[in-house]
Amino acid sequence: MISSKTMIIDAHVNITEDGRWFNTGHDASVERLIDEMAEAGIGKCLLISMPIATNNRYVATVVDRHPERFR
(Lines give C-alpha, C1' and ligand atoms only; values in the text may rest on other atoms or scores of the structure.)
Protein backbone atom coordinates (compact mmCIF):
# COMPACT_ATOMS: atom_id res chain seq x y z
CA MET A 1 0.00 0.00 0.00
CA ILE A 2 1.28 3.46 -0.92
CA SER A 3 0.87 6.11 1.76
CA SER A 4 -0.57 9.53 0.99
CA LYS A 5 2.91 11.03 1.54
CA THR A 6 4.56 8.86 -1.10
CA MET A 7 5.26 10.37 -4.52
CA ILE A 8 5.47 8.11 -7.54
CA ILE A 9 8.20 9.18 -9.98
CA ASP A 10 8.55 7.83 -13.50
CA ALA A 11 12.31 7.88 -14.12
CA HIS A 12 12.36 7.64 -17.91
CA VAL A 13 9.83 9.45 -20.09
CA ASN A 14 10.11 10.60 -23.71
CA ILE A 15 8.02 13.25 -25.45
CA THR A 16 8.15 14.88 -28.85
CA GLU A 17 7.50 18.48 -29.76
CA ASP A 18 4.87 17.65 -32.39
CA GLY A 19 3.38 14.75 -30.40
CA ARG A 20 4.10 12.17 -33.10
CA TRP A 21 5.94 9.00 -32.12
CA PHE A 22 7.86 8.02 -35.22
CA ASN A 23 5.54 6.41 -37.79
CA THR A 24 2.95 5.15 -35.33
CA GLY A 25 -0.40 6.34 -34.08
CA HIS A 26 0.96 6.89 -30.56
CA ASP A 27 0.62 10.32 -28.97
CA ALA A 28 3.92 11.50 -27.45
CA SER A 29 2.75 15.02 -26.62
CA VAL A 30 3.31 16.69 -23.28
CA GLU A 31 -0.45 17.25 -22.95
CA ARG A 32 -1.12 13.52 -23.23
CA LEU A 33 1.67 12.79 -20.76
CA ILE A 34 0.20 15.14 -18.18
CA ASP A 35 -3.23 13.49 -18.57
CA GLU A 36 -1.69 10.01 -18.25
CA MET A 37 0.30 11.07 -15.18
CA ALA A 38 -2.88 12.29 -13.47
CA GLU A 39 -4.74 9.10 -14.33
CA ALA A 40 -1.92 6.88 -13.05
CA GLY A 41 -1.17 8.95 -9.94
CA ILE A 42 2.37 9.81 -11.00
CA GLY A 43 3.71 12.91 -9.26
CA LYS A 44 6.79 13.66 -11.34
CA CYS A 45 8.60 12.42 -14.43
CA LEU A 46 12.19 12.59 -15.49
CA LEU A 47 12.05 13.69 -19.13
CA ILE A 48 14.73 12.19 -21.36
CA SER A 49 15.46 13.70 -24.75
CA MET A 50 16.19 11.45 -27.70
CA PRO A 51 18.30 13.00 -30.48
CA ILE A 52 16.23 11.30 -33.19
CA ALA A 53 12.89 12.42 -31.73
CA THR A 54 13.39 15.67 -29.79
CA ASN A 55 16.12 17.89 -28.40
CA ASN A 56 17.35 19.11 -25.03
CA ARG A 57 16.11 22.66 -25.66
CA TYR A 58 12.50 21.51 -26.07
CA VAL A 59 12.70 19.25 -23.02
CA ALA A 60 14.13 22.13 -20.95
CA THR A 61 11.28 24.38 -22.10
CA VAL A 62 8.70 21.81 -20.98
CA VAL A 63 10.42 21.43 -17.59
CA ASP A 64 10.45 25.22 -17.18
CA ARG A 65 6.70 25.38 -17.97
CA HIS A 66 5.79 22.53 -15.61
CA PRO A 67 8.41 22.40 -12.81
CA GLU A 68 5.92 20.74 -10.47
CA ARG A 69 5.62 17.79 -12.89
CA PHE A 70 8.95 17.36 -14.66
CA ARG A 71 12.69 17.27 -14.11
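Hi everyone, thanks for coming. Please keep in mind that the model is predicted.

Let's begin with the overall picture. The secondary structure comes to two helices and two strands, and from the N terminus on the order is β-α-β-α. If you put a box around the C-alpha atoms along the principal axes, it is roughly 40 × 25 × 15 Å. The protein has 71 residues, and 31% of them count as buried. Now take the contacts between residues at least 6 apart in sequence: 63% of those join residues at least 24 apart.

Next, the strands. In which sense do S1 and S2 pair? They pair in the parallel sense, over three bridges, with S1 covering residues 9-13.

Now for the inside. In soluble globular proteins, nonpolar side chains tend to be buried together. Here, the largest nonpolar core has 13 residues, and those touching the most other members are Ile15, Leu33, Cys45, Leu47, Val62 and Phe70. At least two core residues come from each of helix H1 (30-40), strand S2 (44-47) and helix H2 (56-65). Which of these elements gives the most? That is H2, with four residues.

Let's stay with leucine 33 for a moment. Leaving aside residues up to four places away in sequence, leucine 33 touches Val13, Ile15, Cys45, Leu47 and Phe70.

Now a residue from the loop between S1 and H1, serine 29. Is serine 29 buried or exposed? Its relative accessible area is 13%, and buried means under 20%, so serine 29 is buried. The side chain of serine 29 reaches the backbone nitrogen of arginine 32 at 3.2 Å. Again leaving out residues up to four places away in sequence, serine 29 touches Ile15, Thr16 and Gly19.

Last stop: the aromatic rings. How many aromatic pairs does a search of the whole structure find? The search finds one. Tryptophan 21 and phenylalanine 22 form this pair, with 4.8 Å centre to centre and 80 degrees between the planes, which is edge-to-face. Both partners have some surface showing: tryptophan 21 is partly exposed at a relative accessible area of 23%, and phenylalanine 22 is partly exposed at 41%.

Terms used
Residues are numbered from 1 along each chain as its sequence is written. This is a predicted model: local features need pLDDT of at least 70, side-chain atom pairs count only at pLDDT 80 or more; totals for chains, interfaces and linings use all residues. Side-chain values use heavy atoms; hydrogens and water are left out. A nonpolar core is a set of buried Ala, Val, Leu, Ile, Met, Phe, Trp, Tyr and Cys residues joined through side-chain atoms within 4.5 Å. Buried means under 20% relative accessible area, exposed over 50%, partly exposed in between (1.4 Å probe, protein chains only). Contact means heavy atoms within 4.5 Å. Rings of Phe, Tyr and Trp (its six-membered ring) pair if their centres lie within 6.5 Å; planes under 30 degrees apart count as stacked, over 60 as edge-to-face and the rest as tilted. Two strands pair if DSSP finds at least two bridges between them. A polar contact is a pair of N or O atoms within 3.5 Å; within protein, one must be able to donate a hydrogen and the other to accept it, and residues adjacent in sequence count only if both atoms are side-chain atoms.
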